[in-house]
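This briefing is intended for a reader who has the sequence and the model at hand.

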Amino acid sequence: NDLKDWRYYHLIIFALMGAGGGLLGALFNSLNKCITMHRMAHVRKRKLSREFWSVLEAILVISATTLLVFICAAAFSTCISHDHDVIVMSNSSEYESERNSYFCPAVDDHGTVGDYHNDVSTILFNSQEVATQLLFHLKNAFTLNSLWIVFVLYFLVSCWTLGTPVSSGLFIPCIVTGALYGRLVGTFFETYNVPLLSPLFGEVYPGIYALIGSASFLSGVMRMTLSLTVIMIEATQQVTFGVPIMVSVVVAKWVGDIFTAGIYDINIQLKKIPYMEWDSPEHMDRLSAEDIMSKDIKYLPLISKVETIDTILRTTTHSAFPVTEDNASSPGPKVPLLYRSKRLISEGEEEETAFESSMYRYQKKGLPQGPSGNIQGSLATRRAGKMAEGEDQEGQKELVLHGMILRTQLVTLLKNNLFIDENEQADPRTILTHDQMMQEYPRFSENLKRELTDEEKAKYIDLSPYMNPCPYLITSNSPLPQVFTLFRTMGLRHLPVIKATGNFVGIITRHDLTHDNLHRVRKHHKLSAARVSAVDSSA
């Protein structure tokens, strides 16, 4: 009920406070960006372990914060008497015990016993939630000088701790810092009583300044609008302040966007997190999947050697791997378990598996044909044609994609020792069930934590029962907006790319679809097109 009186002309004040919150938020984000870049360049790239330096920085932050809090409470505070000045704008018993008298005298200069509280320690020595309530509900309890000291301290310490292993958070520290900023504005006009502005400022309680200041500063840092308005209304239970809060947070976001991005966007860019926007960038229609896909592919055969799987897990950080076979390689004596149930028997020829048949279906040359046009001939003849046609015109292997397998699945298979010898077929009775594969959910291991023996590395694993045989695919000439929409709507992490002939040529991940990477690819694409045009014109 204390925060109930405002008039339409007060919206001018709230908009100006929103602009100030946007400027402070932009300054906060810029300082934190510089600190984070220094931390990434120096603190986390030392010769000793990263954990050691992180813990050392956390100890330094805690020690410095504790020292500064005690110095400010002892040297820069003001002891305020409760007898005549302090007004509690709600139930006094609720906040009476929260005001402490650290470093305040028991008696005044005249020898009279007084009831004093330390305004700096009242904020700093209480929890952040209680400090916010005190800034919202106490009137005449804080001096202008003390508010300046505490505001600067909170601003700098919050900026420093963000990004450290200290679980300090961001939301509540920003609310406290913004409340201090709002109380500074209210206390300034209360103290100096500017004649021209007193009709505007004099009718508003100090708690309203703290509320608008916390909302505007939080919006200037995080660039939230509607959700922040709802949060602040729910926190204060003052629906009547929906419009002032909305005005302040919108203005704060507009002003902050002029100078910097939001704090989350900055950290996403610095840490190179593959965050996808809602829509693809403009003017990207001329780019295709082939322009952005990764061509350096780490893939596994259907029946992979354990040593190959262990090496690829230790040398890469990919979350999934294509399961392929190149057209120039022989399937070997073992038949993958997934394709063993269906067999095709050519008339007068040896038995052939469906897997072996699928490896030739993409070939167009080098295979003898019967009168009806169907491919015929012995398995040896087909393998000979396959060896001849196993590479494309650029000398690269033509890969046939059979599916995708997750990194966590490979680690689970290695943990369960599902190995077979070189001339041994996989036993269907040893296949892991879905429940067995998901035993470690949601905390799957990213790497095998033990060393494999030489005997184990010489064995094989049949990946066909565990791979995804029907992943989403896209052709290499698909336009970029189509690729982006498919990724966004289906929530994909990887998208295999194939040619029109069906050969596997690349893979697209979230890193390839970030706006920064797409703009970089588009710039390179335009330069390449300009060079080609220059060569054609000169010719």
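A residue is called buried when its relative accessible area is under 20%, exposed when that area is over 50%, and partly exposed in between. By that rule D421, at 39% relative accessibility, counts as partly exposed. The model discussed here is predicted.

**Salt bridges**

- The structure contains 7 salt bridges.
- D421 and K459 are joined by one of them, with a distance of 4.0 Å from N to O. This pair links distant parts of the chain: D421 lies in the loop between α17 (407–415) and α18, and K459 lies in the loop between α19 and β10 (460–462), 38 residues apart. K459 is partly exposed, with a relative accessible area of 24%.
- R314 and E451 also meet through their side chains in a salt bridge, again with 4.0 Å from N to O. R314 belongs to helix α14 (residues 306–315) and E451 to the loop between α18 (434–437) and α19 (454–457), so the pair ties together parts that are 137 residues apart in sequence.
- K253 and D257 form a salt bridge of 2.8 Å, N to O. Both residues lie in helix α11 (residues 242–259), 4 residues apart, which is about one turn of the helix.
- K253 has a relative accessibility of 25% and counts as partly exposed; D257, at 38%, is likewise partly exposed.
- A network of salt bridges links R223, K253 and D257.

**Aromatic contacts**

- Across the whole structure, 6 aromatic pairs are found. One of them joins F28 and F155 in an edge-to-face arrangement, with 5.6 Å from centre to centre and 85° between the planes.
- That pair connects distant parts of the chain, since F28 is in helix α1 and F155 is in helix α6, 127 residues apart. F28 is buried, with a relative accessible area of 1%, and F155 is buried at 6%.
- F28 also pairs with F217: the ring centres are 5.9 Å apart and the planes stand at 85°, so this pair is edge-to-face. It joins helix α1, which holds F28, to helix α9 (residues 206–222), which holds F217, across 189 residues.
- F217 has 0% relative accessibility and therefore counts as buried.
- One aromatic cluster is formed by F28, W148, F151, F155 and F217.

**Nonpolar surface patch**

- L27, L31, W148, V152 and L156 make up a nonpolar surface patch of about 450 Å².
- Helices α1 (10–41) and α6 (144–161) each contribute at least two residues to the patch. The largest share, 3 residues, comes from α6.
- L31 is located in helix α1 and is partly exposed, at 32% relative accessibility.
- W148 takes part in this patch and is also a member of the aromatic cluster.

**Strand pairing around β13**

- Strand β13 (residues 503–509) is mostly covered, with 6 of its 7 residues buried.
- Strand β12 (residues 494–498) pairs with β13 in the antiparallel sense over 5 bridges. H494 has T509 as its bridge partner in β13.
- β12 and β13 form a hairpin with 4 residues between them, and G502 in the turn has a positive phi of about 100°.
- Strand β9 (residues 399–406) also pairs with β13 in the antiparallel sense, over 2 bridges. The bridge partner of L399 in β13 is F504.

**Cysteines**

- A disulfide is a covalent bond between the sulfur atoms of two cysteines.
- How many disulfides does the structure hold? The count is 0.
- For C174, the closest cysteine sulfur is that of C159, at 9.5 Å, which is too far for a bond. The cut-off for a disulfide is a pair of cysteine sulfur atoms within 2.5 Å.
- C174 is buried, with a relative accessible area of 1%. C72 is also buried, with a relative accessible area of 9%.

Key. Residues numbered from 1 in each chain as written. Predicted model: local features only at pLDDT ≥ 70, side-chain atom pairs only at ≥ 80, totals over all residues. Heavy atoms only, no water. Patch = residues over 30% accessible without salt bridge, like charges linked within 9 Å, V, L, I, M, F, W, Y side chains within 5 Å. Areas by Shrake-Rupley, 256 points an atom, 1.4 Å probe, with all protein chains shown as cover. Buried < 20%, exposed > 50% of the residue type's maximum accessible area, 1.4 Å probe, protein only. Pairing = 2+ DSSP bridges. Phe/Tyr/Trp six-rings, centres within 6.5 Å; stacked < 30°, edge-to-face > 60°.
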